[in-house]
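Please open the model in a viewer and keep the selection panel at hand.

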Amino acid sequence: MHEIAKKLSAHFLEKNVIQGWASIKDTIEQGYNSPYIYDFLFRDAMYHIGELWEKNEITVADEHLATGVSDLLLSKYHLEKKEMTLSGTDPVSKTPSNRAMFFCVEGEEHYLGLKMASSLFEEFGWDVYDLGSNLPLDYAEYSLKKWQPEIICISITIRHLLPKLKDTIERLAAIHPQATIIVGSRLHQEAAFLSCCTENTIIAKDAAFLYEWLNNHKSEASFVQKGVLL
Ligand code: B12
């Protein structure tokens, strides 16, 4: 883990939004991109919080506080990126507005990974519907019918919710077989997790994977568009 992630976790725990933002801004100014900031700053800072909790050095209340500060700074980072896009200084974006829907499986409260994923899609110009944590499956079905997204992104963290993931994938794929399902999770290497996914499910281990996927999708889309023009 980078020293900067440990430093950031201390800012989260101290509720020090100003210093937390200064660390992130410093990394942006050094030229690091969003997947680096999400995986090696935010995620690793939160994983470090988890280690402190396991060692009994902090309480659940501290974890809640740190999550709140992390969430606030993620929103701030996202808005900064959005401004850069609008002012035309950010080269990554500007793809046609395809639609993507995001949620955590029913019962799942850990939503920071999902939030990073939805922000990355938005950075690439997608029309994003982020339905957050703990979405009842009936409402995932309802939203799929309502918004008809091309991509469905799901996040899961808690192992005992894996049967719910299997159910979710099966029911959504039955409604809209053409939609691509991407599942992100810290459990991505575990056999029990993999057995809940179908052969068409895309498994995202982190923001770096998603960034590459979005770049490939963008190149393919522009290739198809050029083909149509010819
Ligand atoms: C903060 C935290 C909490 C907070 C959650 C706040 C919130 N609303 O998000 C609180 C205190 C509420 C909490 C509660 C619980 N927690 Co908790 N929590 C954590 C902690 C410390 C950090 C989680 C986090 O934010 N990580 C940062 C994010 C960014 O990482 P990530 O989710 O892995 O995301 C990355 C990738 O996985 C991927 N990704 C993830 N989702 C997606 C989605 C898409 C579409 C894509 C492309 C990519 C992607 O990309 C991200 C970037 O790299 C972890 C420790 C850990 N090591 O994770 C424990 C941890 C996850 N919690 C754990 C547990 C057990 C619980 C509780 C059951 C505790 C309890 N007894 O009540 C409850 C369950 C609540 C629930 N029903 O969900 C266990 C989970 C074990 C397991 N797998 O089953 C952990 C691992 C702690 C531990 N070592 O035991 N927790």
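A residue is counted as near a molecule or strand if its C-beta atom, placed from the backbone, lies within 6 Å of it. The model is predicted: local features need pLDDT of at least 70, side-chain atom pairs count only at pLDDT 80 or more, and totals for chains, interfaces and linings use all residues. Residues are numbered from 1 along each chain as its sequence is written.

**Stop 1: the ligand**

Select the ligand and the shell around it. Of the 38 residues in that shell, Gly50, Glu109, Gly113, Gly184 and Ala204 come nearest. By class, the shell has 18 nonpolar, 11 polar and 9 charged residues; here Ala, Val, Leu, Ile, Met, Phe, Trp, Tyr, Cys and Pro count as nonpolar, Asp, Glu, Lys and Arg as charged, and the others, Gly among them, as polar. Helices (H or I, at least four residues) and strands (E, at least two) are DSSP runs, numbered from the N terminus. At least two shell residues each are supplied by H3, H4, H5, S3, S4 and helix H9 (207-229). Which element gives the largest share of the shell? That element is H3, with 10 residues.

**Stop 2: the two domains**

Next, colour domain 1 (3-86) and domain 2 (99-229) separately; these bounds come from an automatic or database domain assignment. Their C-alpha centres lie 23 Å apart. Between them, 12 residues of domain 1 are in contact with 10 residues of domain 2, contact requiring C-beta atoms, placed from the backbone, within 7 Å. On the domain 1 side, helix H3 (34-54) and helix H4 (60-86) are the elements that give two or more residues. That side divides into 5 nonpolar, 4 polar and 3 charged residues. The shell around the ligand draws at least three residues from each domain.

**Stop 3: H1 against H4**

H1 contributes Ser9, Phe12 and Leu13 to the contact, and H4 contributes Asp62, Leu65, Ala66, Val69 and Ser70.

**Stop 4: the sheet**

Now display the strands. Five of them form an open, parallel sheet in the order S2-S1-S3-S4-S5, where pairing requires at least two DSSP bridges between two strands. Strand S2 (127-130) and strand S5 (202-204) are the edges, each pairing on one side only. The twist averages 20° from one strand to the next. Strand S1 (residues 99-104) pairs with strand S3 (residues 151-156) over 5 bridges, and Phe103 has Ile154 in S3 as its bridge partner.

Methods. Two residues are in contact if their C-beta atoms, placed from the backbone, lie within 7 Å. Axes are lines fitted to C-alpha atoms, for helices over the stretch in contact, and angles run from 0 to 180 degrees between N-to-C directions.
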